[in-house]
Amino acid sequence: MTRFDIITCQPHLLTGPFDHSILKRAQDKGLVEVHLHDLRKYAINKHGQIDDYAFGGGAGMVLMVEPIAKCIRELQAQRTYDAVIYMTPDGQTLNQPMANRLSMLKNIIILCGHYKGVDQRVRDLFVTHEISIGDYVLSGGELAAAVLADSLIRLIPGVLNDESSALSDSFQDNLLAPPVYSRPADFEGHTVPDILLSGNTPKVEEWRFEQAVQRTRQLRPDLLPDEKN
């Protein structure tokens with residue numbers, strides 16, 4: 001069982017992604033637990049305050065250290081966590097090797113930023129990993145948290161009906177996935193490559209590898225060591 005505790009000031013943004021498809025089936029199978037924690041329940045006053053102006057001035061509000069500390073400490077009092085992850089655009093960019101490593105952890109806290117981010121002391125005192133999903137800014141960390149959780153959950157043994165499917169995804173071997181085809185074999189004159197209809201598995205795998213290399217060289221040459229020089 002892998003447990004995700006997601007701390008957010010907008011929990012309603014996260015109910016949808018975990019209530020459908022593979023992520024829901026993973027929970028139904030008892031392989032994953034996902035718990036959403038509304039940061040406003042840990043507010044510093046009866047008005048539900050969780051943010052304040054930044055010291056030194058400037059535009060935008062900052063999520064305060066006290067509510068976040070209270071929530072994290074309450075969770076850590078109940079169990080040991082392998083990681084406390086803060087979703088932030090200035091974090092390390094999420095990639096497949098990172099997802100592979102994190103998917104092996106059992107208890108994970110994901111903290112969603114909002115506004116101008118969190119008080120730096122949260123990052124100094126509690127956060128073990130800072131992760132970004134790309135060089136752009138979202139309104140909050142909720143969608144990024146869903147992306148991260150999805151990338152980890154699908155790698156957990158038993159989540160996918162065919163576990164080899166995840167191993168053939170793009171980036172698992174620093175290559176993009178090759179083209180895929182389904183029925184019909186001929187659509188308005190556009191046909192499936194003959195090799196895929198041949199039944200010759202070794203030749204099919206050879207073709208897929210060649211296509212993966214070709215596609216990677218065209219679309220993401222930075223992934224190929226010999227293309228970086």
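I began with Cys 71, which counts as buried at 0% relative accessibility (buried means under 20% relative accessible area, exposed over 50%, partly exposed in between, with a 1.4 Å probe and protein chains only). Before going on, I noted that this is a predicted model, where local features need pLDDT of at least 70, side-chain atom pairs count only at pLDDT 80 or more, and totals for chains, interfaces and linings use all residues. I also noted that residues are numbered from 1 along each chain as its sequence is written, and that side-chain values use heavy atoms, with hydrogens and water left out.

How many disulfides does the structure hold? I found zero, taking a disulfide as a pair of cysteine sulfur atoms within 2.5 Å. For Cys 71, the closest cysteine sulfur is in Cys 112, 11 Å away and too far for a bond. Cys 112 is buried as well, at 1%, and its sulfur is 8.1 Å from the closest one, in Cys 9, again too far.

Entry 2, strands. I looked at β5 (residues 83–93) and β6 (residues 107–112), which pair in the parallel sense over five bridges (pairing takes at least two DSSP bridges; strands are DSSP E runs of at least two residues, helices H or I runs of at least four, numbered from the N terminus). Ala 83 stands opposite Ile 108 in β6. β5 also pairs in the parallel sense with β7 (residues 129–132), over five bridges, and there Thr 93 has Ser 132 as its bridge partner.
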